[in-house]
Amino acid sequence: MRKLTFGMNLSLDGYIAAPGDDLGWSVPSDELFQWWSDRVRATGLALYGRKLWETMSSHWPTADQQPGVTPAEIEYARRWRDMPKVVFSSTTSTVDWNTRLVTGDAVTEITRLKAEDGGPMDIGGATLAAAAARAGLIDEYVLVTAPVLLGSGTPFFTALDNWVNLTLMETRTFPDGVLLTRYETRR
């Protein structure tokens with residue numbers, strides 16, 4: 001069975017995006033950017049909701065061809081393009097860059113994917129991850145918390161039907177006061 005991890009950058013008050021989907025507050029240090037890049041390299045399959053897919057696919061497919069791009073950005077762009085991806089959307093009609101589109105029930109498909117053999121899966125996007133969390137499908141949560149308060153926006157966590165008990169597996173501090181915490185779901 002594959003492991004499913006939900007990990008994203010978030011503000012101290014729990015938002016992954018400020019109002020208007022503003023991500024300007026979450027610019028990673030070089031060290032944190034490398035950590036995310038290494039995570040992409042280790043991911044067997046990435047699951048995206050529509051909004052996160054639109055954000056990622058509008059930049060990373062050609063990021064390595066932009067003027068002034070860093071070696072780390074070139075590496076990340078190549079890893080992102082090569083990584084197998086599934087996009088869950090009822091409104092998107094086409095996807096590219098080693099990606100498959102699922103328009104049906106996300107929980108059913110994620111359950112099927114988890115049961116397959118293969119490398120670990122990452123899930124991204126607040127709405128998609130919330131559905132997986134409510135269905136009890138997430139095995140690990142990775143919170144990369146920035147020392148900023150946004151006051152409102154898109155929350156990392158949404159309403160759950162039941163408590164989810166977690167075990168702290170790792171903490172790590174990055175430059176600029178960013179804190180990574182990794183939790184495993186207790187079953």
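Helices are taken here as DSSP runs of H or I of at least four residues, numbered from the N terminus. The structure is a predicted model. Under this assignment, helix 2 spans residues 50-57 and contains both Arg50 and Glu54. The two residues are four positions apart, about one turn of the helix. In an α-helix there are 3.6 residues a turn, so residues three or four places apart point the same way. The side chains of Arg50 and Glu54 form a salt bridge, with an N to O distance of 3.1 Å. Both partners are intermediate in accessibility: Glu54 is partly exposed because its relative accessibility is 40%, and Arg50 is likewise partly exposed, at 31%.

A salt bridge also links Asp64 and Arg78, whose closest N and O atoms are 3.7 Å apart. Asp64 belongs to the loop between helix 2 and helix 3, whereas Arg78 lies within helix 3 (71-82), so this pair ties together parts that are 14 residues apart in sequence. Asp64 has a relative accessibility of 13% and therefore counts as buried, the cut-off for that class being under 20%. Arg78, in contrast, is partly exposed, with a relative accessible area of 49%; the exposed class begins over 50%.

Another salt bridge joins Arg112 and Glu116, the closest N and O atoms lying 2.6 Å apart. Arg112 is partly exposed, at 40% relative accessibility, and Glu116 is also partly exposed, at 28%. This pair is part of a network in which salt bridges with shared partners connect Arg2, Arg100, Glu109, Arg112 and Glu116. Over the whole structure, the search finds 18 salt bridges, among them the Arg50 and Glu54 pair described above.

Burial was also examined along helix 5, which covers residues 126-134. Seven of its nine residues are buried, so the helix is largely enclosed by the rest of the structure. The buried residues of helix 5 are Ala126, Leu128, Ala129, Ala130, Ala131, Ala132 and Ala133. After helix 5 comes Gly136, which has a positive phi, near 75°.

Key:
Residues are numbered from 1 along each chain as its sequence is written. This is a predicted model: local features need pLDDT of at least 70, side-chain atom pairs count only at pLDDT 80 or more; totals for chains, interfaces and linings use all residues. Side-chain values use heavy atoms; hydrogens and water are left out. A salt bridge is a side-chain nitrogen of Lys or Arg within 4 Å of a carboxyl oxygen of Asp or Glu. Buried means under 20% relative accessible area, exposed over 50%, partly exposed in between (1.4 Å probe, protein chains only).
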